[in-house]
Amino acid sequence: MNALPAQARHSVEDTAHMRAALALAARGLGNTWPNPSVGCVIVAADGQVVGRGWTAPGGRPHAETEALARAGAAARGATAYVTLEPCCHWGRTPPCADALVAAGVARVVIALRDPDPRVDGGGIARLRAAGIAVSTGLLEAEARALNAGFLKRLTRNLPLLTLKLATTLDGRIATRAGESQWITGPEARRAAHALRGRHDAVLVGSGTALADDPDLSCRLPGFTPVPTVRVVADARLRLPATARMLRAGGGPVWVATRPGHPEALLAPLRAAGAEIIEVPEAEGHPGLDPAALLRALAARGLTRVLAEGGAALAAALLRAGLVDRLAWFHAPGLIGGDGRPALDALPLELLSAMPRYRRTTLATAGADLLSEYESLADSRMSESEMGAA
């Protein structure tokens, strides 16, 4: 279903309304899995915004039905701006394409076609069959970036993975004695909690879980209606049932470990509320197979995962080419070569094998600096997918 170039059909007003819909969609990040986070703006013929909506926590209700409910009768003859193609299948709720038809909207502007096999052009076809004017592709790149996790889960059976690092200027995460709290300041730590809130899950290795005993929740008031899933990669099953994340509540805890542990070792963790996920071990490296681990998380519905360390887990994810985005906090201090590095050996013989990233954001967080990056390999794939659409 090929569309004309967006610039031939979309006005300045169209672009402004779609940007507003994308801003609404961003509100749902971290709260809507396994569903995408979608935004919808409904604009009457006189240019007045009569309805706004975004995907609710847990993935229901959808953005379109929320916006239509606010618009009421004013939706008749209006234009709906939607960041992702409206669904056309029955799930726990009726299809959004049918809801738009029933409301009598005259036009629908869609940023991104939905690759879900249950939709994939079907929503567009249903709207057009009802006589509604449909245009697509407006701010598609922005919509694709916003729902990169949902798209990656659908197309590659993997969640979007962000690796968060908090280091000194020379890339150290602790002194040689292991002291690490706190390298960064309170503003950076609040920004790190906001990162947790925009992801479905936080992933750490067992070494970090044992050394820091974190609870890994997002502790910004009102930030996450859906609790963040806490995942521990623990091949040797070292996490004790008394771990803070199991005692403190605050959301599900999933322990990923190799198969074959006796039930006597698993039972205390299960009794403490942990879900056990069996993942094969990596070949040639200690620990779990990182790709198999992420596939297991995607199979459970996760679309966006934030990895917070430690050095062994971070290196394993980088070696496997699984890190889509980096969020790197740099504190203005130095520890030196005897401090603990942010990454274990990758190891690399050639510079051509080095994972490469493109910086997307540079911001201050109190005295610290936050730089964010996206994988060059991942961005090239996104451009290829866009060209094939």
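Which hand does the crossing of helix 3 and helix 4 have? Right-handed, meaning the near helix is turned clockwise from the far one by less than a right angle.

Before selecting anything: this is a predicted model, where local features need pLDDT of at least 70, side-chain atom pairs count only at pLDDT 80 or more, and totals for chains, interfaces and linings use all residues. Residues are numbered from 1 along each chain as its sequence is written, and side-chain values use heavy atoms, leaving out hydrogens and water.

Now select helix 4, residues 122-129, along with helix 3; their axes are 9 Å apart, at an angle of about 20°. That makes the pair roughly parallel (angles under 35 degrees). Show A97, D98, L100 and V101 of helix 3, which meet G123, R126 and L127 of helix 4 (contact is heavy atoms within 4.5 Å). The tally here is four nonpolar, one polar and two charged residues.

Look for E64, T65 and L68 from helix 2 against C96, A99, L100 and A103 from helix 3.

Last stop, the largest nonpolar core, with 42 residues. Such a core is a set of buried Ala, Val, Leu, Ile, Met, Phe, Trp, Tyr and Cys residues joined through side-chain atoms within 4.5 Å, buried being under 20% relative accessible area with a 1.4 Å probe, protein chains only. M18, I42, V108 and L127 have the most contacts inside it. Helix 1, residues 12-26, gives the largest share, five residues. Apart from this core lies another, of 35 residues, L161 and V226 among them.

Definitions and conventions
Helix = DSSP H or I, 4+ residues; strand = E, 2+ residues; numbered from the N terminus. Buried < 20%, exposed > 50% of the residue type's maximum accessible area, 1.4 Å probe, protein only. Axes fitted to C-alpha atoms, helices over the stretch in contact; angles between N-to-C directions. Parallel < 35°, antiparallel > 145°, perpendicular 65-115°, else oblique. Nonpolar A, V, L, I, M, F, W, Y, C, P; charged D, E, K, R; others polar.
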